[in-house]
Amino acid sequence: MQQQIQAAALPWFEEDDYASFREVLPARSWHPTFGEWEAAAQQTFERLQHQGIRPIKAKVRSANFVEWCRRTGRDVDTQALVAYGNEAAARHVLGDH
């Protein structure tokens, strides 16, 4: 029997793009600085690992995210960011960067 592995995509921001994401998604709850976000995100990553879940850092860029929302007819919101992160993670897992 094949064992299933639980995985979770985490939208992973880049420092030079963090402020842009904050502008794109102003309704989302944000950490005041990239450093604070990164520390919290790393804690989440490690917590998931300890729970037996494979966390995947889904690297996202604000301009690409906004373009994806327009192309797919989605609102630019947190729900779309989760879907975009999941798609990016799937590409990562399948080796299609």
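**A walk around the fold**

Some ground rules. This is a predicted model, so local features need pLDDT of at least 70 and side-chain atom pairs count only at pLDDT 80 or more, while totals for chains, interfaces and linings use all residues. Residues are numbered from 1 along each chain as its sequence is written, and side-chain values use heavy atoms, with hydrogens and water left out.

Now the overview. How many helices and strands does the protein have? There are 4 helices and 2 strands, and from the N terminus on they run β-α-α-β-α-α. Of the 97 residues, 31% are buried. Buried here is under 20% relative accessible area, exposed is over 50%, and partly exposed is in between, with a 1.4 Å probe and protein chains only. As for contacts, meaning heavy atoms within 4.5 Å, take those between residues at least 6 apart in sequence: 61% of them join residues at least 24 apart.

Back to helix 3, which covers residues 62-72. Its buried residues are Ser-62, Phe-65, Val-66, Trp-68 and Cys-69. Looking down the axis of helix 3, these fall within an arc of 160 degrees, so they line one face of the helix. The arc is taken from the directions that run from the helix axis to the C-beta atoms. On the other side of helix 3, you can find Ala-63, Arg-70 and Arg-71 exposed.

Leaving out neighbours within four places in sequence, Ser-62 is in contact with Asp-17, Ser-20, Phe-21 and Val-24.

Let's follow one of those partners. Where is Asp-17 found? Asp-17 sits in the loop between strand 1 and helix 1, and at 6% relative accessibility it is buried too. Asp-17 and Ser-62 are 45 residues apart in sequence, yet their C-alpha atoms are 6.7 Å apart in space. Not counting residues up to four places away in sequence, Asp-17 touches Val-60, Arg-61 and Ser-62.

Next is Tyr-18, which lies in helix 1. Tyr-18 is buried, at 4% relative accessible area. With residues up to four places away in sequence set aside, it touches Phe-13, Trp-30, His-31, Thr-33, Phe-34 and Trp-37.

Phe-34 and Trp-37 bring us to helix 2, where the buried residues are Phe-34, Trp-37, Ala-41, Phe-45 and Leu-48. Seen down the axis of helix 2, they fall within an arc of 75 degrees, so they line one face. They pack against strand 1 (7-12), helix 1 (18-24) and strand 2 (54-59). Over on the other side of helix 2, Gln-43 and His-50 are exposed.

Helix 2 is followed by Gly-52, whose phi is positive, near 85 degrees.

One more residue in helix 2 is Gln-42. Gln-42 is partly exposed, with a relative accessible area of 25%, and it touches Trp-12 and Lys-57, not counting residues up to four places away in sequence.

Last stop, the largest pocket, with about 190 Å³ of space. A pocket is an open set of points on a 1 Å grid over the protein atoms alone, where a 1.4 Å probe fits, with protein on both sides within 12 Å along at least five of seven lines; lining residues have an atom within 4 Å of a point. Volume is the space filled by probe spheres set on the points, which are joined across faces, edges and corners.

Which element gives the most to the lining? That is helix 2, with 4 residues. Among the lining residues are Leu-10, Trp-12, Arg-28, Trp-37 and Ala-41. The lining divides into 7 nonpolar, 3 polar and 1 charged; nonpolar covers Ala, Val, Leu, Ile, Met, Phe, Trp, Tyr, Cys and Pro, charged covers Asp, Glu, Lys and Arg, and the others, Gly among them, are polar.
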